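Hi everyone, thanks for coming. I'd like to walk you through a structure that may be new to you, so please have a look at it with me.

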Amino acid sequence: MQKVDVGKKILSANERYALKNRQFLAEREKVCLNMISSPGSGKTTILSRTISDLKDKIKIGVIEGDIQTDLDAERIKATGAPAIQINTAGACHLSAAQIDTALRNLPVDDLDLIFIENVGNLVCPSAFELGETAKIVVLSVPEGDDKPAKYPAIFAKSKVLLINKIDLLGAGSHVDFDVERARADARRLNKSIEVFPISAKTGKGMHSWYNWLLESAEDILS
Ligand SMILES: Nc1nc2c(ncn2[C@@H]2O[C@H](COP(=O)(O)OP(=O)(O)OP(=O)(O)O)[C@@H](O)[C@H]2O)c(=O)[nH]1
Ligand SMILES: [Mg+2]
């Protein structure tokens, strides 16, 4: 049998939707950041504080992904920002088709920036493009400083690493996280990754993250 190489990549259904989302966002000049981490690293806490602290400077909307409940969307709505909850009913990541639906239900034209809070999981979400402008990975200090080395894919693909819960570090702490080790391992995988140690609880370090958001969001688009 003769094989014919058509020389054309056949896109998966997810890739087709990701392309559609990317075009939708680019046409409207909107930045969309896909936040990925293990469960409980502090994603919703970071987003709530970021929205509240930047409310006079930038309009933010959020797409929340969880296996069950609308708890996180309710926390975001409590800040006054629009939020859409997606329940994946067991799936360990969001899909681009789900983001397509959510984008049509958010007041996108009134927003500057859209965050996607992916399902809490450091592995699966990194393999599914959603059409986002960039990925942001969050690692909290109780998880351990070896995570960039052990789970490299998401650290290799992200523009920013937020090292959260640094309020738990210091003299007498029960948490032995070496920020410099995590930073060095992440940079080995991704030399341009921006690393911001923060506490979403106390606000420590958040100003550097806000500066990056405000200054770089526009650059990402260009
Ligand atoms: N000490 C401390 N606790 C924090 C910080 N940020 C978040 N937390 C706590 O960590 C727990 C989890 O925070 P969430 O914001 O719900 O984490 P999440 O990543 O959104 O969790 P999932 O959506 O379930 O994956 C909560 O009890 C927060 O109060 C921080 O900077 N320091
Ligand atoms: Mg959350």
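This is a predicted model: local features need pLDDT of at least 70, side-chain atom pairs count only at pLDDT 80 or more; totals for chains, interfaces and linings use all residues.

Residues are numbered from 1 along each chain as its sequence is written, and chains are lettered from A and ligands numbered from 1 in the order in which they are written.

Let's begin with ligand 1. There are 17 residues around ligand 1, and those that come nearest are G42, T44, T45, G120 and K201. Near here means that the C-beta atom of a residue, placed from the backbone, lies within 6 Å of the molecule or strand. Which helix gives the most to this shell? That is helix α2, residues 43-53, with three residues. When I say helix or strand, I mean DSSP runs, numbered from the N terminus: H or I with at least four residues for helices, E with at least two for strands. Sorted by class, the shell holds three nonpolar, nine polar and five charged residues. In that count, Ala, Val, Leu, Ile, Met, Phe, Trp, Tyr, Cys and Pro are nonpolar, Asp, Glu, Lys and Arg are charged, and the others, Gly among them, are polar.

Now to strand β2, residues 60-66. Seven of its seven residues are buried, so β2 is largely enclosed by the rest of the structure. Buried means that 20 or more other C-beta atoms lie within 10 Å of the residue's own; exposed means 12 or fewer, and partly exposed is in between, with C-beta atoms placed from the backbone. In a regular strand, side chains alternate between the two faces of the sheet. In β2 both faces are covered, with I60, V62, E64 and D66 buried on one side and G61, I63 and G65 buried on the other.

What does β2 pair with? It runs parallel to strand β4, residues 113-117, over five bridges, and five bridges also join it in parallel to β3. Two strands pair if DSSP finds at least two bridges between them. If you want to find these contacts on the screen, look for G61, whose bridge partner in β4 is I114, and for G65, whose bridge partner in β3 is I86. Together, β2, α3 and β3 make a right-handed β-α-β unit. Right-handed means that, with the strands pointing away from the viewer, the path from the first strand over the helix to the second runs clockwise.

Strand β6, residues 160-164, and strand β7, residues 194-197, run parallel and are joined by four bridges. Between them the chain passes through helix α7, residues 179-189, and this β-α-β crossover is right-handed. One pair to look for is I163 with its bridge partner P197 in β7.

On to the helices. An α-helix has 3.6 residues a turn, so residues three or four places apart point the same way. Helix α1, residues 13-28, has buried residues Y17, A18, N21 and L25. They cover an arc of only 105° around the axis, which puts them on the same side of α1. The arc is that of the directions from the helix axis to the C-beta atoms. On the other side of α1, Q23 and E27 are exposed.

In helix α4, residues 96-105, the buried residues are A96, Q98, I99, A102 and L103. Their arc is only 145° around the axis, which puts them on the same side of α4. R104 and N105, on the other side of α4, are exposed.

Finally, two loop residues. Most residues other than glycine have a negative phi. T69 is not a glycine, yet it has a positive phi of about 80°. You'll find T69 in the loop between β2 and α3, residues 71-77. Is T69 buried or exposed? With 11 C-beta neighbours inside 10 Å, T69 counts as exposed. A89 also is not a glycine and has a positive phi, of about 50°. A89 lies in the loop between β3, residues 83-87, and α4, and it counts as exposed because it has 7 C-beta neighbours inside 10 Å.
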